[in-house]
Amino acid sequence: MTRWLPACTVAAAVMAMLLVLKTDISDIARYCAYVGLAVVLPGTLIYRALRRDPHSLVEDLAFGTAAGLIVETAARPIFWAWPLLTVILLRRHLRSPDYPQRPTRAWSWSVAAVALGFVGYLGWAFLRVNPPVPRSAPADYMIDQLNLLAVTADLRHHFPLAVPELGAEPLPYHWFAYAHLAAAGRLTGVDLPVLWFRLDLPALAVLAVVLLAVAAWRVTGRAWAGPLAAALMYTVGEAVLPARAPAFFGSITAYYSWSSRSVLYASALSMPLIAVLAQVLRRGHTTRTWLLLALLAAGVAGAKSTVLPVALAGLVCAGPRRAWRPIAVLAGILGLAMLFLYGGEGGGLTWKPFGIMADFAHGRPAVIAAGLGAYAIAMGCRLAGVVMIREWGPVERFLAGAALAGFAAAVLVWHNSWGQHFFAIAGFPFGVILSAAGVRRLPAKGLLGAAAVAVLAWSAPFPPLRLPIYAVFAFAALVAIVALATGTKSGALAVVLFAGAAGLPYDAAHRANLGTAYHVRVTPDQAAGARWLRAHSTPDEYVATNVHRVGSGLQANQSLAYWISAYSERRVLLGSWGYSPESNAIQAASGGVGPALRFWDPARLRANDLAIYEPDPDRLRWLWDRRVRWILVDRAQGRESPRLADQTSLVWSAGEIVIYRLTGPCR
C-alpha cells in the first residue's frame with residue numbers, strides 16, 4: 001500500500017485546501033465520484049482496449065482519464081448512460097494486466113511534489129481570491145473567467161453552442177473543456193461556479209502533471225525524464241526578473257494555467273497524443289493504435305485550436321517518408337475541426353510578423369532583434385537540455401519541430417486579444433520532453449546555484465533599464481556567471497534549466513488574479529439577481545438587459561460584461577459582444593487591439609434599449625417575438641422607464657438590480 005502514499009498525499013492536500021476555502025464536503029464527494037466513475041473508469045477501459053501493449057498502471061489510469069474526458073464529450077446525447085455501457089462492453093478489460101514497469105517510490109514522490117507545487121500556485125494565485133459567488137461583498141473577476149463560465153452554462157443547457165450574450169448566434173469555438181464542466185454539473189448537481197472556481201482546476205492540474213510525467217517516460221524511455229519535464233513545465237517560470245518581465249513574453253504557466261480553462265485542459269490531452277505519435281514514428285503501432293491516435297487528435301482539436309498545427313509541423317520535421325500516415329490522420333481531423341468546430345473561421349488571427357513586440361519595437365529592426373534574443377533567453381532556458389541530445393532520430397526531430405513551430409507562430413501571427421501566445425504554450429510540452437531527454441543528472445551544486453539565482457531574481461535591487469528587454473540580458477549574464485561557477489556541464493545545465501524558478505511564486509505573491517486591471521466587479525445583488533433568474537426561468541427563455549459594458553475601471557467603455565449569463569445560465573438577447581466572432585473579425589480587419597467597441601447592428605441595439613428606456617407595446621412585442629421573457633435592469637448602467645412596470649410585472653429587486661417579467665405579447 002505504500003506505493004499509493006504519494007497519490008494519497010496529493011489528494012489529502014487538495015482536499016485540505018478545498019476545505020480551507022470553505023468548499024462543501026458533499027460537493028467534493030460528488031465531484032470525486034463523478035471523476036472516478038464517469039471519467040477515469042470508462043476511459044481506462046477504452047484506453048486498455050486501444051493501446052498496443054501495457055506499460056504501467058499509472059499510464060493506464062492517466063492516459064485513460066484523458067480518453068475518458070474526450071469520449072465524455074462525444075457521448076453527450078447519452079452522457080447519463082455512457083459509463084455503464086462502456087463497462088458492460090469492455091468488462092474484460094476490468095482486470096489489470098501484468099505491467100512490465102512500475103514507478104519507483106522516488107519517482108512517485110517527485111511527481112507528487114511537482115503536482116503539489118503547481119496546485120499550491122493555483123490555490124494562492126487564483127482559487128483563494130475568487131469566491132464562486134459574491135455574497136457578502138463585491139468580488140473582482142477577470143473578465144475571461146465570467147465569459148467562459150457563461151460558455152459552460154450555455155453548454156449545460158443547449159447544443160450547439162451560441163454566444164451566451166447574443167441570443168442564439170452560433171459560436172465556433174474549441175469548447176470541449178467547457179462541455180466537460182457542463183457534463184460534470186449535470187451529472188453531479190454541483191453548482192457550476194463551484195466547479196469552476198474550486199473543484200475542476202486542481203483536478204486538471206494534477207492530471208496534467210501526471211500525464212506529462214508519464215508521456216515523457218514513454219517517449220524518452222527514461223523514467224526520470226518524467227518528473228523533470230513536469231517540473232520544467234509546471235513549476236519553473238521564464239528566465240527573467242519577475243518584476244521587470246516584458247509583457248510580450250506572455251509566459252507558459254503563470255496566468256495562462258488559470259485564465260483560460262481550455263489551456264490546461266488541452267495541455268493535459270496533448271501529453272498522450274505526443275506519446276502515441278512518438279510510438280507511431282518508431283513503427284510500434286497496430287490498427288488499434290491508429291484508432292487511439294484519431295481519438296486523441298479529435299479531443300485535442302476540440303480542446304484548443306493551436307495544438308494540432310504545431311504537432312503537424314513537428315511531424316513534417318520528423319520526415320515525411322516516415323510520418324506521412326500520422327500527418328494524414330492529423331490533417332484530416334484538423335480539416336474536420338475547421339469545418340465543424342470553427343466554421344472555417346480564423347478566430348481573428350492575422351499575419352503580422354513581430355506584431356507581438358509592437359508595443360515597444362515600433363518597427364525598429366535593432367529593437368526587434370534584441371526582443372527576439374530576449375524572448376529566446378526567457379523562454380528557452382527550460383529547454384537547454386536539448387543541447388545534450390546525442391542522437392537526433394525522427395522522434396527528436398518531431399519534438400523539436402513542434403516546439404519551434406509554436407514559438408514561430410507566436411512571433412509571426414497576431415490576434416487582437418494576444419491569442420498568438422497559445423501557439424507557444426501548445427508547443428512547449430514537446431520542448432520540455434525533449435529537454436528532459438537530454439539531461440542525465442542534476443547535481444546538488446547546480447540546483448543550489450539555481451536556488452540562489454531565484455532568490456536574487458526575487459529580491460535583488462537591479463537598476464532599472466531603458467527597455468525591459470535589456471533586463472533579460474542582464475539576468476542572463478547573472479545566470480551564466482552562476483552556471484560557470486558550478487564547474488561542471490551538468491551543474492551549469494541545472495542552473496540554466498531552473499533559472500526561472502522564482503516566476504510562479506512571485507506571480508502568486510504579487511500578481512494574484514492578475515490584480516484588478518482587466519476585471520469586472522460583481523456585487524452580491526448582481527449575482528443574487530442572476531441566480532434568482534436561474535431558479536425561476538427555463539433555459540429556453542431569454543433575458544433582455546441594459547448591461548452592455550463593464551461599467552468601471554480601465555475597461556469602462558468595453559463590451560465585456562458577462563456576469564448575467566454566467567450566473568443565470570440563461571441566454572441574453574443582446575448583452576455584451578466583445579467576445580464574439582464578429583468582434584474578432586472587425587478587429588482583425590482594422591488591426592485593432594481588444595474587442596470591438598461598437599456593436600455592428602446599431603438598429604438592433606437601439607431596439608433592445610428602447611424597450612427598456614422608452615417601452616411601448618410594439619417594442620415589448622419585439623422582445624417577446626425573440627423569446628425574451630425577462631428583463632434585467634442594472635440601474636448603475638441606466639434607469640429604466642417608469643412605464644416598464646405598467647406593461648410588465650416587477651418580480652425581484654435588490655439595490656441597483658431590478659427584474660421584470662413579460663407576461664405576454666403586448667396588444
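**Entry 1: α12 and α14**

I looked up how α12 packs against helix α14 (residues 320-340) in this predicted model. The two helices pack at an angle of about 35 degrees, and their axes are 10 Å apart. I noted a right-handed crossing where α12 passes α14.

I then listed the residues in this contact. From α12 come Trp290, Leu293, Ala294, Ala297, Ala298 and Ala301. From α14 they meet Arg325, Pro326, Val329, Leu330, Ile333 and Ala337. Sorted by class, the contact of α12 with α14 holds eleven nonpolar residues, one charged residue and no polar ones.

**Entry 2: α3 and α12**

I turned next to helix α3 (residues 57-74) and its packing on helix α12 (residues 287-303). The axes of α3 and α12 come within 10 Å and cross at roughly 65 degrees. An angle of 65 to 115 degrees counts as roughly perpendicular, so I recorded α3 and α12 as roughly perpendicular to each other. The crossing of α3 past α12 is left-handed.

On the α3 side I found Ala67, Ile70 and Val71, which meet Leu295, Leu296 and Gly299 of α12. The residues of this contact divide into five nonpolar, one polar and no charged.

**Entry 3: cysteines**

I searched for disulfides, taken as cysteine sulfur pairs within 2.5 Å, and the count came to zero. For cysteine 32, the nearest cysteine sulfur is that of cysteine 8, at 12 Å, and cysteine 32 is in no disulfide.

I also checked accessibility. Cysteine 32 has 48% relative accessibility and therefore counts as partly exposed.

Key. Residues numbered from 1 in each chain as written. Predicted model: local features only at pLDDT ≥ 70, side-chain atom pairs only at ≥ 80, totals over all residues. Heavy atoms only, no water. Axes fitted to C-alpha atoms, helices over the stretch in contact; angles between N-to-C directions. Helix = DSSP H or I, 4+ residues; strand = E, 2+ residues; numbered from the N terminus. Parallel < 35°, antiparallel > 145°, perpendicular 65-115°, else oblique. Left-handed = near helix turned anticlockwise from the far one by under 90°. Contact = heavy atoms within 4.5 Å. Nonpolar A, V, L, I, M, F, W, Y, C, P; charged D, E, K, R; others polar. Buried < 20%, exposed > 50% of the residue type's maximum accessible area, 1.4 Å probe, protein only.
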